[in-house]
Amino acid sequence: MPDLLSNLGLGFAVALSLQNVMLCFLGCLVGTLIGVLPGVGPIATIAMLLPITFGLDPVGALIMLAGIYYGAQYGGSTTAILVNIPGEATSVVTTLDGHQMARQGRAGIALGTAAIASFFAGTVATLLIAALGAPLTRLALIFGPAEYFALMVMGLAFAVVLAHGSVLKAVAMILVGVLFACIGTDLETGEERMTFGFTFLTDGVDFSVLAMGLFGVAEILRNLDNTETREIARARIGRLLPGLADLRQATPATLRGTAIGALLGILPGNGAVLGPFAAYTVEKRIARDPSRFGRGAIEGVAGPESANNAGAQTAFIPLLTLGIPPNAVMALMVGAMTIHGIVPGPGVMTKSPELFWGMIASMWVGNLMLLVINLPLVGVWVRLLKVPYRLMFPAILMFCSIGIYSINSLPTDVMLIAAFGVFGYVLIKFGFEPAPLLLGFVLGKLMEEYLRRALTLSRGDAMVFLERPVSAVLFLVAFTILALALLPSLRKSRDEVFTEA
Amino acid sequence: MRTALAISLLSVLAAFGAAADTYPQRPITMVVPFAAGGPTDVIARIVAEPMSRVLGQQVVIENVTGAGGTTGITRASQASPDGYTIMMGHMGTHGAAPALFKGLKYDPAKSFDPIGLAAGTPIVIVAKKGMAAPDLKSFVEAVKAGGASINQAHAGVGSVSHSTGVLFDSLIGAKPTLVVYRGTGPALNDLMAGQVDFMTDQIVNVAPQISGGTIKAYAIATPERSPSLPDVPTTKEAGLPDYQVSAWNAVFAPKGLPADVRAKLVAALDTAIKDPNARKRILDLGGTVPKDAEAGPDALQKLVESEVARWTPVLRSAVEANP
Amino acid sequence: MSDPSGGAGPGNAVSWVSQNVVAGLGLILLGVFGVWATGDLPRGTLGAMGPGMLPHWVAVCVAVCGFALAVTGFVRGGEGLQSFGLRGPVVVVLAILAFAVTIRPVSFGPVTTPGLGLIVAGPLAVILGGYASPEARFRELLILALLLTAGCMLLFGDLLNLPIPIFPTALIEAASGKIPSRVMLRLAVGALALIGLGLLLLQRRSSRRAGTDVARHSMTA
């Protein structure tokens, strides 16, 4: 314990120097401003802003970069709430209730709740990293391919619960998502799958391209159809910040979300991506009235957002202690560190403690900055909704195009968002929800990899999933969730048809 | 009509262009065919900085990713050879690619004007901590004897760990089971956890884990030991002298560069790799800086030719053997 | 899935055929397509799964889901088809395509589009896209396009120094050596912003309401 305090003391001494506080602030601010552009997710934001940190000393550069990371992450949630465009996989869930809240004139409350829940989760996760970072690493090594496969299956079960309409349609969407994930060069054999000879498909479909099409462009097309709904959203702005009653409602969800997100974030196999989904599923399952979800439930924002931020934070654990980047954003951070001559890994903590603890302390400072920057900005963002839609959507189109182009410098990516936009529009018209598709896409890719790897290692013995205790438990959870989701809907489906008609 | 207009416009512009005689007049784009933050990108950014100083114009990095780096290289190879588009190629794009990509739209040895080698990152043979063999010789025996019961990890077809890994297997005549990962990170994780037995990868990816004692290193595939891992013997010392391999990065330009432009680029790169700061940064990463005999366009051309000749048979048979 | 125009004409919903039946048929088509598209890939065995294994079975499951959906829709009825807008999708797709082919040179076989850069592609996307809404007004969109493009050029080109093409390639070559690229970029941003603001002033004088809307937006862009 005294060790922890002295370490944190060292960390804060580094992080709270005037220069580093300024860098952290600047990073958060720029990260938020770029990340909030529709079409520019955290990965694109960090890739864009990476070069501006090159001129700084390593500690300052990493602190600024961490600031950019949090800013970009929060900026992504802001676009998810305001214009229904998730910047990355983890903010898909935020669109479900966050954007509904915005439509009901509660955008300010949604944004405020997201900021406060994120701050809380960030604080807890920072403490967790400082106190338990090293021992938690062992957990990461328990998870082999079989466990990850089970985890992904569980994630897909969550995706079914996520949908608020027909379960059958949700399952179909997940499968379509998995099918889309198969497009591109096969990792193991290098063979091209469903690319139809197009070079631009050899690397598969980028997540942001699919998300931008299914959410961004399809949403625009849908809004162009029904003029009434969006005018209502414009007319009412409502409170700018969450009130006490809102916070009271959001608090339990925030606590649960933080725990779930922090735990999943530790897994180096991209476990953090499941955090928001899991948190949302839990909230919906234990809610007294699950039908509120998908219609602007504040817990549906607080839970996933806190899980998202907690996971974003604890994802640093495998990076700092094992030297393994658990996701694309962390891979970028590794690149940034190596550019500054620091190779992340178990040695960093002992070799340069001021850097290690300075960065951990700056995580908390970054979260604080985020709150300081974003609470006042909420008013600005909310006012954006007042812009007439006939001007708003061309601007979104342009930002989406620029954002997508800047990720890979490929015009074909821009063309693909148009195609997926039309596809998403057709889906909406037939009563399908795009969120399960996107989830199936993200998890499907990982799932196939882990499945094949697990079976290669077990030499084709499928029992491996049930023989290993952790994976068996995860499968059990997945099937329980599925059964719970399916049974009532089978029973109720008759009534549902009547209520829907 | 429009083309006629465009042509006349272009000819006017060309006249202007001829008037401005000293290259470079505007920023130069260096296409990096991999994502920002990867080893090739890091090397590119390290050399781009001193190159910009020498040329008096900024060298801007453009990351064009896709298809094992061949998307970016294809695009850059089709740019006009005016010296304003150059690229950072590497072992994969200019060595292994012809064997792996059937419809490759460039020829590594013929479609480019080589500028020079920028840096190399040595390959290390690493294994899980619990691997019993005390040295490389007994490890090689163990891998040969184990056959398909040994699990070898790599980071995807076309990755450095894949190419260098199958080269290792064919050299020692072993047939381990290949376990594929998306990128080095997850592969290393499973190596640390003991799920897989061994892999070969670039020093920059594995050095921290080796010094941290979470994985075991048997040898480094360079003629000399690396200052970042002074305790790891070279393959020559350890008894496998034929396994000499390094993931190299080199600057290329599209074919047909004017001689003076080419000379300027070669000189700029030469200054860049001799720049003490850039050198230090490359060495800190565990990389190697080209020696005098390896630097320059002629040595690079030879390197490309020998690499294509080396990888093609190894990779072709590996890809065909693996169902 | 199915062709947007093939569903039903804009206007009233067709009630005799339920949404789920058509959606189910669409999924079946998609599944069959998937099975066909992965048909030539080796499926392998459990121990060594081939590239075709997972996509094949997923496609089959998609088709099965589609069948189930179509059957439930047929038996139980359900919501009718919704009307499809045609103007929105067509114009928006055109706007995005316009951006994609003008931002940098793109080759379609023998034809290569000229790379015109953000300064052309941006306004093109905004103005063209704006016409997806029947409420589009040209002058308003022009102002928006000019100001947004100026803002983006400043942000992405100057401040962030992204390698996104700003000017037509021909122009860059012509200006090479005469004007430093930074200066050219700032001059262009200034010019765009000035024209945009000038038009905005004119507009505001003629109609106050539309003017304030644009002003708010440009402020945040």
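Start in chain B, where zero salt bridges are counted between domain 1 and domain 2; a salt bridge is a side-chain nitrogen of Lys or Arg within 4 Å of a carboxyl oxygen of Asp or Glu. This is a predicted model, in which local features need pLDDT of at least 70 and side-chain atom pairs count only at pLDDT 80 or more, while totals for chains, interfaces and linings use all residues. Residues are numbered from 1 along each chain as its sequence is written, chains are lettered from A and ligands numbered from 1 in the order in which they are written, and side-chain values use heavy atoms, with hydrogens and water left out.

**Stop 1: the two domains of chain B.** Select 26-121 + 248-318 for domain 1 and 122-245 for domain 2; these bounds come from an automatic or database domain assignment. Their centres, taken over C-alpha atoms, are 26 Å apart. Here 18 residues of domain 1 of chain B are in contact with 19 residues of domain 2 of chain B (contact means heavy atoms within 4.5 Å). About 1400 Å² is buried between domain 1 and domain 2 of chain B, with 69% from carbon and sulfur atoms; buried area is the accessible area (1.4 Å probe) that two parts lose on being put together, summed over both. Now highlight B:Met91, B:Thr121 and B:Arg310, which supply 32% of the area that domain 1 of chain B buries against domain 2 of chain B, more than any other three residues.

**Stop 2: where chain A meets chain C.** Show both chains: 73 residues of chain A are in contact with 77 residues of chain C. Together chain A and chain C bury about 6600 Å², 80% of it on carbon and sulfur atoms. How many salt bridges are counted between chain A and chain C? There is one. Zoom in on A:Arg390 and C:Glu140 to find a salt bridge whose closest N and O atoms are 2.6 Å apart. Next, colour helix H18 (residues 389-408) of chain A, which gives the most to the side touching chain C, with 13 residues. Helices (H or I, at least four residues) are DSSP runs, numbered from the N terminus.

**Stop 3: one glycine.** Finally, select A:Gly421 in helix H19 (residues 411-429) of chain A. Is A:Gly421 buried or exposed? A:Gly421 is buried, because its relative accessible area is 0%, and buried means under 20% (1.4 Å probe, protein chains only). Leaving out residues up to four places away in sequence, A:Gly421 touches A:Gly213, A:Val217, A:Ala218 and A:Leu221.

Conventions. Helix = DSSP H or I, 4+ residues; strand = E, 2+ residues; numbered from the N terminus. Buried < 20%, exposed > 50% of the residue type's maximum accessible area, 1.4 Å probe, protein only.
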